[in-house]
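I keep these notes as I go through the model, one entry per topic.

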Amino acid sequence: MIANYHTHTWRCNHATGTEREYIEAAIGHFKILGFSDHTPQPYPGDFVDHSKMKMDQLEDYVTTVSKLREEYKDDIEIHIGLEVEYYPAYFDELIKFESRFPIEYFILGQHWLGNEIKDVSPFMETDDPKTLERYYYQTAEALETGRFTYFAHPDVMNFVGDEKIYDYWMRKLCKKASELHIPLEINFQGLRSNRNYPNPRFFKIAGEEGCDVIFGSDAHSADVVYDEVSLPKGEKMVKAYGLHLLETVELRNPFTTPSVTTKS
């Protein structure tokens, strides 16, 4: 593992430590460190999601990481990204706002369906096939925009219903990612926290569909930027399911790639 593109900062309100601490922890383990804190969203009215940075924090985020990138340029390659949910109602406004900043990449991390407000999260356990279907269509539409470098924890959909239905929709999702050459993340936060992901069912399908995968630390504290406990577990999954592991990814500029109409 020579690169980690999934790193958070204190601005998301559920991570700790300074950017400098994350960088210092990465040096000696990685050649590349990407920051991808939870993007601010242009929500309507006075709605606030306290698990994301605020709109007025984005400039400080970019400025801080940019200065550290220059300071540590002889030690490690640093990139500035964001973990972004695809919310159709806000996405165009989000792109317009964030294109003012030198953001190098987006990773897709879908934590809610619809446009978040008064909707359901794929992290919530469900046996409802309609929720699984909605997760497929929303994330597939996101991938088709061409604005995402990779898909973070694509297997968070906590479906406990019919296995055949799960296979149908997740196979469609893996085929879509493979078709668009978008890597799928094996998420180390899920491994170290014993969450419902990484999901062996999902990555078995991903292996059968020839998907590319990438490891992501999903670090919310400096001590797990390099996660030596989860790394061999991730490597075991790669071997078990015949996955094609990438050491690095090509960053897709999220502002120069035109949107693509969703295929039915």
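I looked up the strand pairing and found that β2 and β3 pair in the parallel sense over seven bridges, where pairing requires that DSSP finds at least two bridges between two strands. Phe35 stands opposite Ile80 in β3. Strands here are DSSP runs of E with at least two residues, helices are runs of H or I with at least four, and both are numbered from the N terminus.

I note that this is a predicted model, in which local features need pLDDT of at least 70 and side-chain atom pairs count only at pLDDT 80 or more, while totals for chains, interfaces and linings use all residues. Residues are numbered from 1 along each chain as its sequence is written, and side-chain values use heavy atoms, with hydrogens and water left out.

I then asked how β1 (residues 3-4) and β2 pair. They run in the parallel sense over two bridges, and Ala3 has Ile32 of β2 as its bridge partner.

For burial I used relative accessible area: buried is under 20%, exposed is over 50% and partly exposed is in between, with a 1.4 Å probe and protein chains only. Seven of the seven residues of β2 (residues 32-38) are buried, so this strand is largely enclosed by the rest of the structure. Strand β3 (residues 77-84) is mostly covered, with seven of its eight residues buried.

Next I took the helix pairs, with axes as lines fitted to C-alpha atoms over the stretch in contact and angles from 0 to 180 degrees between N-to-C directions. The axes of α4 (residues 129-144) and α5 come within 10 Å and cross at roughly 0°. The two helices are therefore roughly parallel to each other, a class for angles under 35 degrees, with over 145 roughly antiparallel, 65 to 115 roughly perpendicular and the rest oblique. Contact means heavy atoms within 4.5 Å, and by this test the residues of α4 that meet α5 include Tyr135, Tyr136 and Tyr137, while Trp169 and Met170 are among those on the α5 side. By class, this contact has 13 nonpolar, one polar and four charged residues; Ala, Val, Leu, Ile, Met, Phe, Trp, Tyr, Cys and Pro count as nonpolar, Asp, Glu, Lys and Arg as charged, and the others, Gly among them, as polar.

Helix α5 (residues 163-179) also packs with α7 (residues 200-208), at an angle of about 50° and with the axes 9 Å apart. That makes α5 oblique to α7. The contact includes Tyr166, Met170 and Arg171 of α5, and Phe202 and Ile205 of α7. By class I find seven nonpolar, no polar and five charged residues in this contact.

I checked Thr248, which lies in the segment after β8 (244-245). With a relative accessible area of 36%, Thr248 is partly exposed. Leaving aside residues up to four places away in sequence, Thr248 touches Ile2, Ala3, Tyr5, Ile32 and Ile214.

Last, I looked at the backbone, recalling that most residues other than glycine have a negative phi, and most peptide bonds are trans. A cis peptide bond joins Tyr197 and Pro198, with omega about 0°. Glu116, in the loop between β4 (105-108) and α4, has a positive phi of about 80° and is buried at 6% relative accessibility. Asn194, in the loop between α6 and α7, has a positive phi near 55° and is exposed at 70%.
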